[in-house]
Amino acid sequence: MPLGERQGDKSESRYCGVETDFNDDMPHVLAFNLSSGGFDFVIAPLMDPAYRPSLVQKGSAGSGVPPFAGSDLVMSPSQWSSHVVGKISSWIDLDSEDETIRMDSETTLKQEIAWASHLSLQACLLPAPKGTSCGNYARCVNQILQGLSNMQLWLRIPLVKPDDDSADGKNDTLVDSWETWNSFRLLCEHHSLLSVALDILGTLPSANSLGRWFGESVRAAIINTEAFLTNARGYPCLSKRHQRLVTGFFNHSIQIIISGKSVHPQANVAADASQNHSDEGLQRHALRPYLDYVGYLYQKMDPLPEQERFELGYRDFLQSPLQPLMDNLEAQTYETFEKDAMKYIQYQRAVSKALLDRVPDEEAFTKTTVLMVVGAGRGPLVRASLQAAEETGRKLKVFAVEKNPNAVVTLHALVKLEGWEDSVTIVSSDMRHWNAPEKADILVSELLGSFGDNELSPECLDGAQRFLKEDGISIPSSYTSFLQPVTASKLHNDIKAHKDLVHFETAYVVKIHNVARLAPTQPVFTFTHPKHSDKESNQRYKKLQFVIPNDTGSAMVHGFAGYFDATLYKDVHLGIEPSTATPNMFSWFAIFFPLRTPICLSPGSNLDVHFWRCCGPTKVWYEWSVTSPTSSPIHNTNGRSYWVGL
């Protein structure tokens, strides 16, 4: 049964598994661990651990049938696929120097995977690579992956990393396990069916080092009973750091698996004593106290906020950015943006402050401020501006300029419905070509994209600036884009599935979730309105140097997450840059710039990145590249794959 009910959470992390020993009575294994133990699935060996193909072949009387853990007929197909993850024999060593062991390992691995496929299992747990070399193991797994269609292979990786600060010299033999995983997945070409099952031990590496894993395709976390502490009542519990890590796993759809023998007999004795009167005939599962504790951690999490629940379906889903100049937006798109109350509250605050600065109290009843909403859509900024005027007691004359003829129909209906005919003039025109009858005191627009300028706000506002008074106010008055390097294994695999260059040279709007942010954001391009010089170009170039913290260890950069922060007016801001993001706002997700070939960073190394914003007569595009620690190609040269049309 699931660990608990958490409002809005339908992820796989609600289900907890248990690692079992070999038993050829699989129905009993399932009944005991699921019914008596309360677990949701088992990690069960598929083959007798004593089996070696070379020994079977030597005996002439052998039947040739490998000793699997029960026929497929002993349980229903749905029981096999829903409740069993196959555990590949842990003795296999495909990189052994002993040829017999190596050949036996390869034969057994292929036999067990074939049997698991026959049973329609959803996943198999591969043993951790032995030693530092895993070339032959990866080759064999890669061959197997080519023939799989659905079944996941989880590579077991112990969560260890040498502590660089230790001076006792014990680290010579300890390898950063992320390096092992990285080597293995590179040999398997980032295959989408290859994932990680992390072995959680009693000690944990640094927070930065742990953070790397949230950008990788981690499916399960195996917590050994030895990693648990004992509370005052003799029950198992976890350290505060382990608790935070497990909560992170829950939030990233990573399933918890309990492994090992009970090392808290006192907990079982106490539980048995309390249950004796009701469960006379049932044997209590020795690992039940550990499951109960994991369930307690799950249930004490806060419910998902309403905004997070709304965004669940968009997590790590790649979307092409809007082309608001080339295309007319659909009603559904307007509808979504208009529901973002926080955005319009900020705009109303900005307009209110601008009106109060523009019109002193003594002129409030005599002076009318001319405000132009450029890109009015279906009218939310018109409404926010009129509410600001009412709130401040200022007189307002509004021009609503909109190029989409369909939205103009809605605007006319709105003006009539609200009785705004005397104060609002609707203009059906592209702001860049409209000849205004008078100049504006305030120019209001919502042309910002996820990267600030990526929906051509600079070009549009340059075109509209000619009808703003010399001392006029633009809302927003400035905006800056930001970048940071990320590990984003899922996004990389989704782009790779297209098997072409174009998708790796396209920027995507995405609600990034399963990512590791490897360094703090840095500002890229800034635009200010109104522009103070006609000669100022909208082309930009910026070189950035990101420093990866030493204690992170090695890491993989799959691309860059982009954000923006805008100053609407004075101290009123709006943005999605993580450290200053406006709360409860969902109009913008981050933007993701992929790298065609991911770049591996050594501990404490620098990452040199170049970004260009290029302008042509009919389009604007970005180009990007990395020059250190290794050079990447310049992506999207001449906007060959991705551009925004003027």
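## Domain layout and model confidence

In this predicted model, the domain assignment divides the protein chain into three parts, of which domain 1 is built from the segments 16–53, 71–162, 174–263 and 284–302, while domain 2 covers 331–446 and domain 3 covers 486–645. The C-alpha centres of domain 1 and domain 3 lie 35 Å apart, and the contact between these two domains draws on 22 residues from domain 1 and 20 residues from domain 3.

The average pLDDT of the protein chain is 91, with 93% of the residues scoring at least 70.

The size of an interface is often expressed as the accessible area that is lost when the parts come together. Between domain 1 and domain 3 the buried area is about 1500 Å², and carbon and sulfur atoms give 49% of it. On the side of domain 1, the residues that lose the most area to domain 3 are His-190, Arg-212 and Gly-215, which together account for 33% of what that side buries.

Which kinds of polar pairing are found across this contact? The count of residue pairs in polar contact between domain 1 and domain 3, with both residues at pLDDT 80 or more, is 12, while the count of salt bridges between the two domains is zero. Helix H6 (177–187) and helix H7 (207–211) each supply at least two residues of the side of domain 1 that touches domain 3, and H6 gives the most to that side, with five residues. By residue class, the side of domain 1 that touches domain 3 divides into three nonpolar, 12 polar and seven charged residues.

## Salt bridges

Although the count of salt bridges between domain 1 and domain 3 is zero, the structure as a whole holds 32 of them. One of these pairs Glu-19 with Arg-156, whose closest N and O atoms are 2.9 Å apart. Because Glu-19 lies in strand E1 (residues 16–19) and Arg-156 in strand E5 (residues 152–158), the pair ties together parts that are 137 residues apart in sequence.

## Backbone features in loops

Most peptide bonds are trans, and most residues other than glycine have a negative phi. Against that background, a cis peptide bond joins Ile-475 and Pro-476, with omega about 10°, and Pro-476 is placed in the loop between strand E15 (468–475) and strand E16 (478–487). Another cis peptide bond joins His-529 and Pro-530, with omega about -5°; Pro-530 is found in the loop between strand E19 (522–528) and strand E20 (540–547).

A further backbone feature concerns Lys-499, a residue other than glycine whose phi is positive, near 55°. Lys-499 has its place in the loop between helix H17 (489–496) and strand E17 (508–510).

Methods:
Residues are numbered from 1 along each chain as its sequence is written. This is a predicted model: local features need pLDDT of at least 70, side-chain atom pairs count only at pLDDT 80 or more; totals for chains, interfaces and linings use all residues. Side-chain values use heavy atoms; hydrogens and water are left out. pLDDT is the predictor's confidence in each residue, from 0 to 100. Domain bounds come from an automatic or database domain assignment. Contact means heavy atoms within 4.5 Å. Buried area is the accessible area (1.4 Å probe) that two parts lose on being put together, summed over both. A salt bridge is a side-chain nitrogen of Lys or Arg within 4 Å of a carboxyl oxygen of Asp or Glu. A polar contact is a pair of N or O atoms within 3.5 Å; within protein, one must be able to donate a hydrogen and the other to accept it, and residues adjacent in sequence count only if both atoms are side-chain atoms. Helices (H or I, at least four residues) and strands (E, at least two) are DSSP runs, numbered from the N terminus. Ala, Val, Leu, Ile, Met, Phe, Trp, Tyr, Cys and Pro count as nonpolar, Asp, Glu, Lys and Arg as charged, and the others, Gly among them, as polar.
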